[in-house]
Amino acid sequence: MALGIDHPLVCVRDIDRARDTYMQLGFRMRPPGRHPWGTSTALVIFRDQLLELVGIYDENLLDSYPAGGFLFGRHIQRWLKQREGVSISALHSTDAAADAAAVIGRGGHCDGTIEFGRDVIRDDGTADRTATTLKVFTRAGLPRLTMFACQQHRRDLIEFPEWMDHPNSAFGFASATIMAEPADQPAVRDWMAALYGPGALRDTHWGFSVATGNGDWRVVSRASAADLLGPLPPDLAADGAPSVIALGIKCRSLARLRPFVETGGFAHQYCGDTLVLPQIGRLGGVMLGFREVADSQGG
């Protein structure tokens, strides 16, 4: 699963309201937490993946924890001022140093490293601490496609089974969709080739895809995105910057999801076998697509 999709960060201005919205959709969510560089976080936990909502709780901390010249908190703040949505994505890693070396070897750039942890209390009342290593990858001209290798040294302090049993039956990401206009797609293609190697890219009738061990990146134009998502909201990524516009979520049963969609009053549409939620104003600047998939690991 080296550099598979771990957790795109959905950046929102009101994290409590966004968390309430996602819980209305049937996600079980941890109470909000805090990063040491001034951003707040609320998690939907899957196996080897997270859906993470991110906001800002203390602007005085945004210049801390630099990775070379990259400041995680300032990056979130800068792009969140323009619009909600994904402006940075975590890639799954079990050896961040080796994965960074591989990316550099393919022509990518690593700004630097962030090491951090958070104090936690286990269910039995004992104190413990998470440990995480980030290697930050940036590409000039593609700021909203900033990525970082994320090595969780203590996944046992994150993946609690009781928080992974979601009432809507969701259990992971199948895909994340990047929208880039034809003029921008060569740059996105080069960036993905640096991250994954050119052999991972596959041309499609709607653009191209990148297979990872943890879901697929799908790269579309605004015109071709409807092939995967149906009609797009007119204000979706209106600035035209190449960015993640939709998260594809695997669920065990659409029948378990639909009551939450209907009770919560979420506008929805079907595109093939995918139930798509297009209300980006409620969802933090992204569309969500749910597809029924057999869970090979059960649960």
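Let me begin with the lining of the largest pocket, whose residues divide into 19 nonpolar, seven polar and seven charged, where Ala, Val, Leu, Ile, Met, Phe, Trp, Tyr, Cys and Pro count as nonpolar, Asp, Glu, Lys and Arg as charged, and the others, Gly among them, as polar. This is a predicted model, in which local features need pLDDT of at least 70 and side-chain atom pairs count only at pLDDT 80 or more, while totals for chains, interfaces and linings use all residues. Residues are numbered from 1 along each chain as its sequence is written, and side-chain values use heavy atoms, with hydrogens and water left out.

A pocket here, on a 1 Å grid over the protein atoms alone, is an open set of points where a 1.4 Å probe fits, with protein on both sides within 12 Å along at least five of seven lines, and lining residues have an atom within 4 Å of a point. About 590 Å³ of space lies in the largest pocket, and of the 33 residues that line this pocket, the closest to its centre are Leu43, Arg118, Thr130, Leu157 and Ile158. Strand β3 gives the most to this lining, with four residues.

The second largest pocket has a volume of about 240 Å³, and of the 19 residues that line it, the closest to its centre are Ala174, Ser175, Arg218, Thr274 and Arg291. The largest share of that lining, four residues, comes from β17, and the lining residues divide into eight nonpolar, seven polar and four charged.

Finally, the chain as a whole. It has eight helices and 20 strands, these being DSSP runs (H or I, at least four residues, for helices; E, at least two, for strands) numbered from the N terminus. Buried residues make up 57% of the 299 residues, buried being under 20% relative accessible area with a 1.4 Å probe and protein chains only. Along its principal axes the C-alpha trace spans about 45 × 45 × 40 Å.

Methods:
Grid points are joined across faces, edges and corners, and a volume is the space filled by probe spheres set on the points. Buried means under 20% relative accessible area, exposed over 50%, partly exposed in between (1.4 Å probe, protein chains only).
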